[in-house]
Amino acid sequence: MIVCSCNVLSDDDIRAAVAESDDAVRHAKQVYGCLGCSAECGRCARTIKTIIDEALGPCAQSCCAGCPHGHTAAANDEIAEPAQFALAAC
């Protein structure tokens with residue numbers, strides 16, 4: 001399925017970028033960088049983020065030293081921090 005019509009990126013392209021990246025890809029901007037393009041209209045960013053979350057879901061829940069995406073416990077803590085901040089701001 002084509003997710004980004006501006007750059008003609010498919011959901012398979014996005015999953016491959018997440019799987020093949022040496023760093024933990026967590027944002028649409030990082031996917032664009034991995035695929036050698038940039039956001040044009042930005043309407044696909046939310047869908048790309050959903051695909052990233054789905055692709056990392058099992059990996060992020062069971063991260064360990066051997067994780068191929070380079071996740072660590074510290075990386076998981078960084079993700080939790082904004083949610084804690086958002087709750088504190090309410």
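How many helices and how many strands are there in the chain? I looked this up before anything else, and I kept in mind that the model is predicted. I found four helices and two strands. Walking from the N terminus, I read the elements as β-β-α-α-α-α.

**The whole chain**

Next I turned to burial and surface. The chain has 90 residues, and 27% of them are buried.

**Ser10**

Ser10 sits in strand S2, which covers residues 9-10. Is Ser10 buried or exposed? Ser10 counts as buried because its relative accessibility is 13%, and the cut-off for buried is under 20%. I then set aside residues up to four places away in sequence and found that Ser10 touches Met1, Ile2 and Val3.

**Val31**

My other stop was in a helix. Val31 belongs to helix H2, residues 28-34. I wrote down a relative accessibility of 0% for Val31, so this residue counts as buried too. Which residues is Val31 in contact with, leaving aside neighbours within four places in sequence? My list reads Ile14, Ala17, Val25, Ile48 and Ile52. I also looked up the spacing between Val31 and Lys49: they are 18 residues apart in sequence, and their C-alpha atoms lie 9.3 Å apart in space.

Terms used:
Residues are numbered from 1 along each chain as its sequence is written. This is a predicted model: local features need pLDDT of at least 70, side-chain atom pairs count only at pLDDT 80 or more; totals for chains, interfaces and linings use all residues. Side-chain values use heavy atoms; hydrogens and water are left out. Buried means under 20% relative accessible area, exposed over 50%, partly exposed in between (1.4 Å probe, protein chains only). Contact means heavy atoms within 4.5 Å.
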